[in-house]
Amino acid sequence: MNFRPRPKEEPEINLIPFIDVLLVILIFLMLSTTYSKFTEMQLRLPVADTEAQRDYPKEVLVSVSSEGNYSVNRQPVMGRSLGELAEALKAGAKAGSESVVIIYADAAARHQSVITVMEAARRAGLTQITFATQSSSAGEAN
């Protein structure tokens with residue numbers, strides 16, 4: 001009979017299965033979470049905080065009204081076709097292909113009207129396009 005006390009072994013806690021379970025739960029929560037603030041997004045365009053407008057000597061100003069009428073460098077374009085607008089852009093681009101097209105589109109203008117201006121600029125060989133916006137303080141007053 002052996003009555004000597006045996007050395008007691010300390011129990012080991014294995015953390016690897018615990019970490020595995022936590023990672024599975026984390027992945028499940030990440031995949032099943034819905035981001036409700038994106039589904040309730042309301043857009044009000046165009047408004048941006050801008051610095052004082054700079055004067056571009058090579059700029060071509062294109063205005064798009066809410067009815068879909070165009071003007072290039074404050075001169076109305078007769079007709080609404082892509083070809084007429086491209087010709088007006090070529091004539092208004094004094095610096096040639098180095099000119100910058102600045103699109104002033106009404107917030108209520110159709111999206112297709114703005115795309116038409118972009119396509120006309122591409123056909124005219126003008127690759128630098130930017131959009132004009134109003135400051136956010138002016139947008140809140142309207």
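**Notebook: the sheet and its neighbours**

I began with the sheet in this predicted model. I found five strands forming an open sheet with mixed pairing, in the order E3-E2-E1-E4-E5. At its edges I noted strand E3 (75–76) and strand E5 (128–131), each of which pairs on one side only.

Next I looked up E1. In which sense do strand E1 and strand E2 pair? I wrote down antiparallel, with three bridges between E1 (residues 59–64) and E2 (residues 70–72). As an example I picked Ser63, whose bridge partner in E2 is Ser71.

Then I turned to E1 and strand E4 (residues 100–105), which pair in the parallel sense over six bridges. Here I traced Val62 to its bridge partner in E4, Ile103.

From E4 I moved on to E5. How many bridges join E4 to E5? I noted four, and the two strands run parallel. Along this pairing I found Val100 standing opposite Gln128 in E5.

Finally, I looked up the helices. Helix H3 (residues 82–92) lies across E1 and E2, and I recorded that H3 runs at about 20° to E2. Helix H4 (residues 111–123) belongs with E4 and E5: together the three make a β-α-β unit, and I marked this unit as right-handed.

Definitions and conventions. Residues numbered from 1 in each chain as written. Predicted model: local features only at pLDDT ≥ 70, side-chain atom pairs only at ≥ 80, totals over all residues. Heavy atoms only, no water. Pairing = 2+ DSSP bridges. Contact = heavy atoms within 4.5 Å. Axes fitted to C-alpha atoms, helices over the stretch in contact; angles between N-to-C directions. Right-handed = clockwise from strand over helix to strand, strands pointing away.
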